Amino acid sequence: MCELFGVSSKRDIWLNDYLETFYSHSDIHCNGWGMVLFDKEPFRFIKEPIKASSSNRLRSLIGNDIVSSNCIAHIRQATIGEVNDDNTHPFSMTDNTDRRWIFMHNGSIFESDVLSPYQYIQKGSTDSERIFLYMIDEINRLYDENQSVEDVDRFELIDRIIREVVLPDNKVNLILYDGEYMYVHKNEENTLYVKELDGGIILSTQPLDDSEWKDFYQNQLIVYRQGEVVYRGTIHNNTYVMDEERMKLLFLA
């Protein structure tokens, strides 16, 4: 699988220690790394299809102060798709209103009728990219069908899409960012944690220090803006449970 890292805060946070610990997990999650810092335009968007601990670029980046109020990072352990740039997270797309969306995923899709058509048009070969393409298509459809689209309309759409994709056999831990709101979802227990700070939160697949990290909300989309929860999605019952034999078959396929 993969690991996710995210920050949403009202204030800048010094992130070097967190990121050093996070990327140290790349000995296992060795098939690519990525990071996006959102505080300036254009975003600092960096990714490579190599082990994070082998990256001179990452070593140089973390060798300087990384201070940010909005950041996401990813390390990949490939289950579906080759190890190359097109399959390395995060993914980035703009919708028809030029809003830029950033997406990353930890999980596997075993079954989804709505995602299957995207295997013929995607750049890479991951199920993660198919989720993202479907989201952007539906966002564009929302704008085409409505003269006015509010923030809550986008939230309700993303919440519906996640509940469509999260069938009982599909693991969909994700972080999605639209330049203002950070959308977070997990449906496997003990696979995403949150550390609450003064005016902000840090998200990670594994706790990154000895302070208090809480298990993230289960089976519910949570949306943050500057470290505060602004929307909560509909709770569903599709908890993912790891099946090692099925994962082996997926990997071989």
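In this predicted model, the side chains of R99 and D178 meet in a salt bridge, 3.5 Å from N to O. A salt bridge here is a side-chain nitrogen of Lys or Arg within 4 Å of a carboxyl oxygen of Asp or Glu. R99 sits in the loop between β5 and β6 (100–106), and D178 in the loop between β7 (173–177) and β8 (182–185), so the pair ties together parts that are 79 residues apart in sequence. Helices (H or I, at least four residues) and strands (E, at least two) are DSSP runs, numbered from the N terminus. D178 is buried, at 3% relative accessible area; buried means under 20%, exposed over 50%, and partly exposed in between (1.4 Å probe, protein chains only).

As for ground rules, residues are numbered from 1 along each chain as its sequence is written, and side-chain values use heavy atoms, with hydrogens and water left out. Because the model is predicted, local features need pLDDT of at least 70 and side-chain atom pairs count only at pLDDT 80 or more, while totals for chains, interfaces and linings use all residues.

The count comes to twelve salt bridges. One of them joins E228 and K10 (2.6 Å, N to O). E228 belongs to strand β13 (residues 228–232) and K10 to strand β1, so this pair ties together parts that are 218 residues apart in sequence. E228 is partly exposed at 42%, while K10 is exposed at 52%. Another salt bridge pairs R154 with D151 (2.4 Å, N to O). Both lie in helix α4 (residues 151–165), three residues apart, about one turn of the helix. R154 is buried at 3%, but D151 is partly exposed at 25%. There is also a salt-bridge network, linking E138, R141, R160 and E164.

Next comes helix α1 (residues 16–23), whose buried residues are N16, Y18, L19, F22 and Y23. They cover an arc of only 160 degrees around the axis, which puts them on the same side of α1; the arc is that of the directions from the helix axis to the C-beta atoms.

Finally, the largest pocket holds about 260 Å³ of space. A pocket is an open set of points on a 1 Å grid over the protein atoms alone, where a 1.4 Å probe fits, with protein on both sides within 12 Å along at least five of seven lines; lining residues have an atom within 4 Å of a point. Grid points are joined across faces, edges and corners, and the volume is the space filled by probe spheres set on the points. Of the 13 lining residues, F91, S92, M93, K123 and E129 are the closest to the centre of the pocket.
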